[in-house]
Amino acid sequence: MLKPLVVGLGRSGSGLHLKTLARLARRTAATGDPLLALPVVGCDPRAEARGSAGAPGELTAVGTLDEALARIDPDTTVAHVCTPPRLRYDVIARLAQHGVRRLIVEKPLAASAGELDALVRLRERADLDIVVVSHWTGSRLTGRLRRLVRDETLGPLRRITVDQHKPRFLRSLTTDGHPSALDVEIPHSLALALDLAGPAELRAARCWDLRCEDRVLPGLGGAHVELAHPSGVTTLLRSDLGAAVRQRSVVCAFEGGTATAHFPLSEDDDHAQLIVHGPDSEADHHVFRDDALTDFLEGAYRGFAAGTAGAVNFALACATARLLCVARERCAVVPRPETVPSTAVAPTAVAPTPVPAAGVPQARAGSR
């Protein structure tokens, strides 16, 4: 069986990966086909993070990566890299030096174009099998959207609008892992847009400050991103991190109707909803279970076991990261809008910027 190592026990490492790994271990053991072995080895230099992470028997927590590496066998380890983006390359390089080849990396893949290029070279040189967390694209809900696009059930796809809003005051005030709102929710929706509509160029990007009772956090209030796809589709991504309510929805506008997808809002519930409006029919409202992260990690672990995990996923993650880098470079911090617009982002000084094809790795068959 494969054995997980989680590097970074913050919100994603402890709150998402550890809990999901424990659930996955129980689920696969109950079917007689155990996939991974507990306890997870986890490392974080912060004593408070180690003390609050994991249930008894599910985690062995240490304070340094060297201590963690002393406890693992590289040949059976899957390393979950859940550090802030600016630290990921160094962690991945250290893991590769120790012989770890299977990695699951939180989004976004890199904090800059230079780091991304270096990571692409490291992956090839060290023969790493890297899967980037992208459970939105692997969800059952996205699968249904993908079929609507592919089959043109409602005609050709014309526009994608994604709204990811939530109040994120406490985490923004107490952590510094994300430099701007572009790094919080936008990577999920950007990968989804590229998956559904193909490659894109950046048409506009802006973010605004998060204003609290007595502090202003530059660039962390929210972000808007506009894309244009060679396929003719346009995309609008909106994320308000000072919103009063949570929302995770995607509206796909087709020539002959619309499909509105609602992703589960948190780990409190694992049901998704899809509402399809055709030209001459009543709306079809579908509600179904969609535990996307558990399914995503199970798929990744089974791919690691078979030696076919990360090739296609890595190419999409690179394209997503490159667009994010362009958006970071061009994004101006502006005042928070009075309301979230319902149509398009107001024009900005950002010129359309294509993402170069060079440097985006092709899928490799038989990657370990």
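Visitor: In what order do the six strands of the open sheet lie?
Guide: The model is predicted: local features need pLDDT of at least 70, side-chain atom pairs count only at pLDDT 80 or more, and totals for chains, interfaces and linings use all residues. Residues are numbered from 1 along each chain as its sequence is written, and side-chain values use heavy atoms, with hydrogens and water left out. Strands (E, at least two residues) and helices (H or I, at least four) are DSSP runs numbered from the N terminus. The pairing in this open sheet is parallel, and the order is β3-β2-β1-β4-β5-β6.

Visitor: Which are the edge strands?
Guide: Two strands pair if DSSP finds at least two bridges between them. An edge strand pairs on one side only, which holds for β3 (59–62) and β6 (129–132).

Visitor: What is the average twist from one strand to the next?
Guide: Axes are lines fitted to C-alpha atoms, for helices over the stretch in contact, and angles run from 0 to 180 degrees between N-to-C directions. From one strand to the next, the twist averages 20°.

Visitor: What angle does the direction of helix α1 make with that of β1?
Guide: Helix α1 (residues 11–30) packs on the sheet and touches β1, β2, β3, β4 and β5. Touching here is contact, meaning heavy atoms within 4.5 Å. Relative to β1, the direction of α1 makes about 175°.

Visitor: Which residue of β3 is the bridge partner of Cys43?
Guide: Strand β2 (residues 40–43) runs parallel to β3, and four bridges join them. Towards β1, β2 pairs in the parallel sense over three bridges, with Val6 opposite Gly42. In β3, the partner of Cys43 is Val62.

Visitor: Which residues of β2 are buried on each side?
Guide: Buried means under 20% relative accessible area, exposed over 50%, and partly exposed in between (1.4 Å probe, protein chains only). In a regular strand the side chains alternate between the two faces of the sheet. Both faces of β2 are covered, the buried residues being Val40 and Gly42 on one side and, on the other, Val41 and Cys43.

Visitor: What is the relative accessible area of Val105?
Guide: Val105 is placed in strand β5. Leaving aside neighbours within four places in sequence, Val105 is in contact with Val81, Arg88, Ile92, Ile130, Val131, Val132 and Val133. Val105 is buried, its relative accessible area being 0%.

Visitor: Within what arc do the buried residues of α4 fall?
Guide: In helix α4 (residues 88–97), Arg88, Val91, Ile92, Leu95 and Ala96 are buried. They line one face of the helix because, seen down the axis of α4 and taking directions from the axis to the C-beta atoms, they fall within an arc of 135°.

Visitor: Which residues on the other side of α4 are exposed?
Guide: The cover over the buried residues of α4 includes β1 (3–7), α3 (65–69), β4 (77–81), β5 (102–105) and α5 (113–126). On the other side of α4, the exposed residues are Asp90 and Gln97.

Visitor: How do the residues of the contact of α6 with α8 divide?
Guide: The axes of helix α6 (residues 140–151) and helix α8 (residues 186–197) come within 10 Å and cross at roughly 35°. Thr142, Leu145, Arg146 and Val149 in α6 meet Leu192, Asp195 and Leu196 in α8. Counting Ala, Val, Leu, Ile, Met, Phe, Trp, Tyr, Cys and Pro as nonpolar, Asp, Glu, Lys and Arg as charged, and the others, Gly among them, as polar, the contact divides into four nonpolar, one polar and two charged.
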